[in-house]
Amino acid sequence: MPIADHESDQEMNHTHEQDHDAADLRDPTATDHNPPTTEDMSDDPSIRTESTKRDFTEASRPADTEPTEADLETHAPLTRRRVVAGGAALAATALAGCSDDEHVVDEPEADDGDPTDDEGSDDADEDAVPELPQVEDPPEAAYLPTHFEAMEHIDPVVAGEYEVEGMVTYPHLFWNVTGEEVEAAEPAGTDVHLMATVRDPETGTILPAETGLEMVVAREGEEGTPHAPWPMISQEMGFHVGDNVPLGEDGTYEVEVRVGAIEARKTGEFAGRFEEPGTGTFTFEFDDEFRREVVAGIHYLDEEHWGAHGSLANHVAGHEGHDEHNGDGHDDGSDHDDGSDHDDGSDHDGHGGHHHDDADGDPHHPGDSHHDHHGDERWDEGEGHHRFGTYLRGGDEGELPAAAELPGELLGEPVIGDALLATTVLDRGSRFVEDDEYYLAVSPRTPYNRSMLPMMALTYELRRDGETVESDSLRDTLDHELGYHYAAPLADLEEGDELVVTIDTPTNASRHAGYETAFLETGDAELEVTLP
Amino acid sequence: MTLPDPADVPRREFVKAAVALGGTVGLSACLGVNEGEGSGDDDSVDPTAGDDLDGVPTGDPDSVPDRQHAWNDSLPTDEDGNVKTPVHHVLRLVDLAVDVADPAAREEARETLSAALSDLESAFEWSNEGLLFTVGYSPAYFERFDGSLPDSVDLPEPTALTSLEDPAFDDADILVHLASDFPEALLAAEEALFGEVDAANGVGVADVSDLFEEVDRRTGFLDAGLPREHRDVEGVPEDAPIPEGAPLFMGFANGFAESQATEDRVTIAEGPFAGATTQHLSTLQTQLNAWWDQENHHQRVAKMFSPTHAAEDRVGEWGEELAADPAVADLPDDAVEYARDEGVVGHAQKAARAREDGDPILLRRDFPTTDGDHTGLHFLTLQESIADFVRVREAMTGEDIADDTGVGTRVNNGILQYVFVRRRGNYLVPPREYRSLPTPDPNADR
């Protein structure tokens, strides 16, 4: 299909720069966007077209992107095999069903006028691999993927001291990190992508619950099989766990989740908590309706944004978190555009454009309220859960506090591998230390969305007059005020000391699209100490 | 479960299914196949008769070693010097049906069981071609007696050993481990010991069926190619590219001679139970979908052995390059520092941290299973004390590594992401002299 022509897209007011980071996009094949043919829909009488009460994320999308009944009747009945095997066709269904003028992607034009003999269609039927378009050769940074995912959110359940929110969707392509190796996990032979977010029900804080989390998945009344899902980061969901999981026949599935004790050091209101495992069970329906909804809910970005620096809105973060899924989207923070005027084009240029030097010339504080850490002007598109770009997220739109909101003296927010290392020092005798020490806290986070980055190895070295004063590893710590961070007490600190923070191991969390090329670097960041 | 049609499956797969099924039905199936009937039809053989089994040698109790766990000298070794554990295994967990705290009842029961076990040694050669077995006793068994086990025996109740697990605990009195390359030998011995049959392999066996109440029966197998043939269960993709040469579902070999403790090392040397060993049995489920669908060979080698093994290609396809040595001795001593550099740490590498002066302290006799139609591992080990097992398990868990590196509690931490501990049990395997219903002080008992 032709690449959407942004120059002629009347809805797009932004100029598109030729030095766009992701200028080299894969030409999405016609297969990706071809609607299924009538032959595809002829054999399944079980398709349901009535509306559903079930809580699908896309329920909160703008009304004009809802597939109409006509869409659903026109497009393929989705047998299980079709959904699992025919992802390409399904993606096309979702795409064709998208009538949001702002985000319209051109209807596919079958080159030969007969999509039924497109070779890709047959492949998709047989390969059991959903093929959604991907950004080819993305930048080594957090970048915009081609689409917002859709998923069914299960009502949160109690698991001991934890609250677990299950999420289920179509099998995903994601990436696992083993040391320095990044390996794409193809959704071969699997039926769903099963995820969970673990929260503290008291504060709503999302917990770094990678420890011992186990899911036993069973068709109702049958013996289950255990899974230890991957700790994962995604732009839309932040930190969670998930995996592609094979199921059996359609029906009700039970997922017994065992959340292990949180092994990070716990401070403040979290001290003494999360010491024991907890278990809870949620259920979901695996049926045509589920498959239809999760695929129909896929929401494409206009192609000009694919691969640009930026992130999709996180719809799981925030203290209200799960309560917001039924609403109209997040309350926008007070310090950024509210999303309703995103198309006026008056206050920003297209992304990838005007590159500014760091606004205040301080390499420790790249980015400000008008520029991101690349020095580019901030921008945004879309609204609600489907907002995206480099805009400054509000306080409740990220898992971690904004760097400026961290307690103590903020030494800087250096960037390594596109991870921002917000680094702060708290004065002697704070509640974080036993004696009269200072407290060094490094809070690595994803850019834009401020999601936590667990499973890193960090060290620090404090230098004075060219000599090393102290050095040690930083211990991962969970605090109600600082959030998840890596920290160490400092016995001695003087104005002007040089602090070196080193990433020994980048986060080994798995990644959804848009993060697989970021947060992979090791290296040093040097900061000058200002006493708190 | 039902037996597969032998016409549709390789014989090896069929007999493994027969072992899993057990009992006289399974025995009939084995015999049927062995006699070339190819249908599981048992018209020509009466499985309850304890008939002579074709090709299975009988034995002599006088030639059986004093230690129950002395199997190695009776097992073949491969070309690299690795001991080949028997192919088929059955674990029978039973409670006692008689009150052995009563001396008179105990004496009678002990003599009967002793005779039956001796009869089994007559019925089967003490080897992989006949039958190898141990009889172990749990802490729950010893609790019924006045007096406690001597200090030289470390046999605590089983406990959870990591924060990742909530196991159930086996509290059956007795664990009998039966092993043979011939499933029909295994099944015949089982029937003689626990069933209604009073003979095995043409030799009479004293009837002890009244002594026991069945608690559980577990089965497994260990041989190249068997995991590949059994990909049709939960816990592994049915098209997983498990190498033909691999005896484990994870696609590698185990039991390397250099990583196995000697039988001497695991033997209790002193005290009234000198010549005994302790036995730990973990019942593990494995979930290998991501292992096979999402990891590549390089990652699997890094996690099973070490990243160094992966980088230097030390392993080969399934471990054939390692010969008799998992080659972990030359890895850096500081696994935490290593893990900070690599971001991943291997299973064998972690376990080797618990070696004593470079020597392993566990003798593994574990084997894969498809019990419950799910992949798993009956992780059976022998060691001088249960504390030795706990030490190795702690090293393998690697909480120190997870705490201080980017390695996760499960992810990139050896194979912990793929293994789920369901049950644990501890047993004392007395020397052969005391293998029949011992009291905590077997000398005084005589």
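## A three-stranded sheet in chain A

In this predicted model, chain A has an open sheet of three strands, ordered β16-β18-β17 with antiparallel pairing; strands count as paired if DSSP finds at least two bridges between them. Strands here are DSSP runs of E with at least two residues, helices are runs of H or I with at least four, and both are numbered from the N terminus. The edges belong to β16 (311–312) and β17 (380–381) of chain A, and each has a single partner strand, so one side of each is left without a neighbour in the sheet.

How many bridges join β17(A) to β18 of chain A? Two, with β18 covering residues 388–389 and the strands running antiparallel. Looking at β18(A), F388(A) is the bridge partner of E381(A).

## Chain A overall

Chain A comes to six helices and 29 strands.

Take the chain A contacts (heavy atoms within 4.5 Å) with a separation of 6 or more: 74% of them link residues 24 or more positions apart. The accessible surface of chain A is about 19200 Å², with 41% of that on carbon and sulfur atoms; areas come from the Shrake-Rupley method with a 1.4 Å probe, and for residues only the protein chains shown count as cover.

## Where A meets B

Chain A puts 41 residues into the contact and chain B puts in 37. Together they bury about 3000 Å², 42% of it on carbon and sulfur atoms; that is the accessible area (1.4 Å probe) the two parts lose on being put together, summed over both. On the chain A side, T178(A), W230(A) and E263(A) lose the most area to chain B, together 18% of what that side buries.

There are four salt bridges between the chains, each a side-chain nitrogen of Lys or Arg within 4 Å of a carboxyl oxygen of Asp or Glu. One salt bridge brings together R410(B) and E214(A), at 3.7 Å from N to O.

## A buried glutamate in chain B

E190(B) sits in helix α5 (residues 183–194) of chain B. Is E190(B) buried or exposed? It counts as buried, because its relative accessibility is 1%. Leaving out residues up to four places away in sequence, E190(B) touches V90(B), R92(B), L178(B), G195(B) and R217(B).

## Ground rules

Residues are numbered from 1 along each chain as its sequence is written, chains are lettered from A and ligands numbered from 1 in the order written. Local features need pLDDT of at least 70 and side-chain atom pairs 80 or more, while totals for chains, interfaces and linings use all residues, and side-chain values use heavy atoms, leaving out hydrogens and water.

Conventions. Buried < 20%, exposed > 50% of the residue type's maximum accessible area, 1.4 Å probe, protein only.
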